[in-house]
Amino acid sequence: MSEQPDLSAGALRVRPSRGPEDFAPLVAIWRSAVDATHDFLAESDRDEIESKLSSDYFPAVSLTVAELNGRPVGFSGVLDGNLEMLFIDVKQRGTGIGTRLLSHAVEDQGVRNVDVNEQNRQAVEFYTRRGFHVLRRSETDDAGRPYPLLHLQLT
């Protein structure tokens, strides 16, 4: 079990992305989180998504980085009031970093909506415990892959 970070002591900092210099560690965080939570994702789909993070997905959103003692440990991406991504390094899951990033996205970036893979039950529970509710369901993800999405909205 990893030691819980003291988030109240200011060791955790939430900041805007610095752009491409942040991308490599954020891809590594994404991979660790996806490997831990997305067992439903085919390896080929995971690899395809990963290959587009730095070139397509990160530049398309307002990216926020959570740093613990100066090291990136999580990130979120927001576009037009939608939380497009929120991932926490697998070693830091359950420490409050995700909640801190979500609070920042809601309070400072106006997030009201998020789409979640239906098979990612931990993420669905994370958002519903924080006031989001299911508006509707899609049979496929945004790329047409066979991963149903739940479209959630903050109440």
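Me: In this model, which side chains meet Glu67 in a salt bridge, and how far apart are N and O?

Reply: A salt bridge needs a Lys or Arg side-chain nitrogen within 4 Å of a carboxyl oxygen of Asp or Glu. In this predicted model, Arg18 and Glu67 meet that way, at 3.7 Å from N to O. The pair joins distant parts of the chain, 49 residues apart: Arg18 lies in the loop between strand 1 and helix 1, and Glu67 in strand 2. Arg13 also forms a salt bridge with Glu67, with the closest N and O atoms 3.4 Å apart. Arg13 sits in strand 1 (residues 12-16), 54 residues from Glu67.

Me: Is Glu67 buried or exposed?

Reply: Buried means under 20% relative accessible area. Glu67 has 6%, so Glu67 is buried. Arg18, at 43%, is partly exposed, and Arg13, at 41%, is partly exposed too.

Me: How many salt bridges does the structure hold?

Reply: The structure holds 15. Among them is the pair Arg137 and Glu139, at 2.4 Å from N to O. Arg31, Asp35, Glu43, Arg46, Asp47 and Glu50 are linked in a network of salt bridges.

Me: How do helix 1 and helix 2 pack?

Reply: Look at the angle between the axes; over 145 degrees counts as roughly antiparallel. Helix 1 (residues 20-37) and helix 2 (residues 43-57) pack at about 155°, with axes 10 Å apart, and are therefore roughly antiparallel. The contact includes Phe23, Val27 and Trp30 of helix 1 and Ile49 and Leu53 of helix 2. By class, six of its residues are nonpolar, one is polar and five are charged.

Notes. Residues numbered from 1 in each chain as written. Predicted model: local features only at pLDDT ≥ 70, side-chain atom pairs only at ≥ 80, totals over all residues. Heavy atoms only, no water. Axes fitted to C-alpha atoms, helices over the stretch in contact; angles between N-to-C directions. Helix = DSSP H or I, 4+ residues; strand = E, 2+ residues; numbered from the N terminus. Parallel < 35°, antiparallel > 145°, perpendicular 65-115°, else oblique. Contact = heavy atoms within 4.5 Å. Nonpolar A, V, L, I, M, F, W, Y, C, P; charged D, E, K, R; others polar. Buried < 20%, exposed > 50% of the residue type's maximum accessible area, 1.4 Å probe, protein only.
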